[in-house]
Structure formats: C-alpha cells, structure tokens
Amino acid sequence: MEKAAVNEDGLVIPLIDFSKFLEGDETLKLETAKAILHGFQTAGFIYLKNIPIQPDFREHVFNTSAKFFKLPKEKKLEVGWTTPEANRGYSAPGREKVTQLTDPAEIEKIRSAAPDIKESYEIGREDEPGHPNPWPAEQDELVGFKSTMNNFFDQCKALHIEVMRAIAVGMGIDAHYFDSFVDVGDNILRLLHYPAVKSEVFKVNPGQVRAGEHTDYGSITLLFQDSRGGLQVKSPNGQFIDATPIENTVVVNAGDLLARWSNDTIKSTVHRVVEPPKQEDVHPPRYSIAYFCNPNHKSYIEAIPGTYAAESEKKYEGINSGKYLVQRLAATY
C-alpha cells in the first residue's frame, strides 16, 4: 500500500490506489478492500487515487461551480434552499451551522457567535418525486451547468456503489450486499465556496471556523478539495490534524449511518474546516465539492451480518434511512 496520507497523533489515514480494487486480480482486490475497511474502522477516513472520475472532468466541475458562486446574491437566492425533505438549492453564508449539537437554541447561539464562513448549493437526483432541483438560468458562463452537474452526480453515484462493494469484500460478505441499499441514488451533491477572508477574523474570534466540527450523516462522503487546505480530522487523542490536500485524490469518510449499520465497527469521525495553514493577511477563496452518499431513503438499516455474534450484541434498533436523514438535517438549518 501507499504511504499514509496522514500519520500524526495516532491518526493514520491511508492513501489507497482504488484501481487495484476495480481492475486487480482477486488477491489484489481483496488486499485493497481490506485496506479500505481498515481505514474506515480505525480513522473513519481514507484517501483514494486512480478513481474512475477523470482529473480533467473534475477540474471542469470545479470551474463550473466557481462560476455559479460568482453570480449576484439575488440570482443565487432565486434557487434558494427550502426544506430538509428536499435538501436542494442555495444556502447563503451564515444560514447553516454544522455542529454536533442537536438543541435548536444551542445551535442558534453558536451560529450567532461564529457563523460558518461558507455558502453552498445542493443538488439531488433528478427523478425524485416532489423534489425538483432548482437549477439556475443557463446564461453566459452557466451554459451547460445542469448537464455538467448531473454527469458528475452520476459518476459519483457509481463510485459510491464501488466503495460500498469494497467494504463488503473487506468484511467477507457478498460483494453486492449493499447494492440494493444504494442503487436509487438518494444522495446530495454539494458545491461549496468559502469566500476570501482576512486572517484577522480568526484572531479576533478564536471560535471562528469555515465549517464547524461535525460528523456526516449518511453512508460515506466523497470530498473533492482544492489545494488551499483547512480540512482537519479529530485524532484518537482528541487533537485536530490537518488532512492536507493531495492532488488527484478524493477524501472519503464514513458517516453516522454507516457506523450504526456496522454496529460501530466502522468509525464516523469528527472533522471541521478551519483557517488554512498557510499564513496570509487575506486567505483566498476555497472551493470544495462534497458528495454525500446515503442508503436509499426507503431502506431499513440494521446491523450488518458478521458485525455481531448474538442479537444482544446489536447496539442499535433498526431505522428508516430517509427519516433519520431528514431529522438530522432539520437540526442543522
């Protein structure tokens, strides 16, 4: 295997060549799957390289995302985020506060003191009844926006399915065990823009971050980040460690539902986005793209076979995926 992408304070995040799982012989496929599972079990995070989504297309998606965020605020608000059930559209800076808290009053308190310095635009699958994507008008530089994002959504969906197959192989269960749980594509593509910000903002308010500490809700998250940095992952010792960008990789982390699904044999690890490590008077904009992967909303999630020996060892009751995700989202906005 490759040298670890992160190895500090007890946090070891592996860098894994995913083509070895997709294209290797059975021995190499199993070895790679076990490395992926081990990364999720110990760190909750992995880096993948040589994924099927080509670097030039990823660059095109980033450029297209930046064009959207350059629109006037009133144009972006025309496609504004509406409800947790839909979870689609634009969120202006300060609206969302990602946190581990669940009490609305406490969330509002920290939102007022140190709102996240970011804006986002969410895209769901096109064929979900009652929840159409609010697409911006395709004019000037935004011509082709919808087709680009739908293409990227579909490629990320396919990658999600393959990563879940790797997890299954690593667990020693049927490679296609998860297929019927993730084939619908009830996922969310989130374009993220962290505007330029003076370093003084972080000095004046030590609690200020670009995105507060949190875990993700679903099965896994595919995170594509630019070179600016700022993502940090919490180590087993409680310290936040830089997850430094590595060119042509995707950072993949396990979410809360996968941890629950695995009877806590897989970790959903706390992470955040803070001031970039490079010292500058004004930090340039940061762009990232997160693809939040979920079990199908209709799926009933309970402990995966092999993660418990007796019924009494199941840590959680079964739960409907869609209901769980809506409850978690409702607390964030």
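I began with Ser235, which sits in the loop between strand E11 (231–234) and strand E12 (240–242); helices (H or I, at least four residues) and strands (E, at least two) are DSSP runs, numbered from the N terminus. This is a predicted model, where local features need pLDDT of at least 70 and side-chain atom pairs count only at pLDDT 80 or more, while totals for chains, interfaces and linings use all residues. Residues are numbered from 1 along each chain as its sequence is written, and side-chain values use heavy atoms, with hydrogens and water left out.

Is Ser235 buried or exposed? Its relative accessible area is 6%, so I noted Ser235 as buried (under 20%; exposed is over 50%, partly exposed in between, with a 1.4 Å probe and protein chains only). Leaving out residues up to four places away in sequence, I found Ser235 touching Asp9, Leu11 and Ile241, where contact means heavy atoms within 4.5 Å.

Asp9 is partly exposed, because its relative accessible area is 31%.

Asn87 also has a positive phi, about 50°, although it is not a glycine. I placed Asn87 in the loop between helix H4 (73–77) and strand E5 (89–91). With a relative accessible area of 9%, Asn87 is buried.

Next I turned to a helix pair. Helix H3 (residues 55–69) packs with helix H6 (residues 145–171) at an angle of about 135°, their axes 10 Å apart; axes are lines fitted to C-alpha atoms, for helices over the stretch in contact, and angles run from 0 to 180 degrees between N-to-C directions. H3 and H6 are therefore oblique to each other (under 35 degrees is roughly parallel, over 145 roughly antiparallel, 65 to 115 roughly perpendicular, the rest oblique). Among the residues that meet there are Phe57 and Val61 in H3, and Met149 and Phe152 in H6.

Last, the sheet. I read an open sheet of 8 strands in the order E3-E4-E13-E10-E16-E7-E6-E5, with mixed pairing; two strands pair if DSSP finds at least two bridges between them. The edge strands are strand E3 (15–17) and E5, each pairing on one side only. Strand E6 (residues 119–123) and strand E7 (residues 188–194) run antiparallel, joined by 5 bridges.
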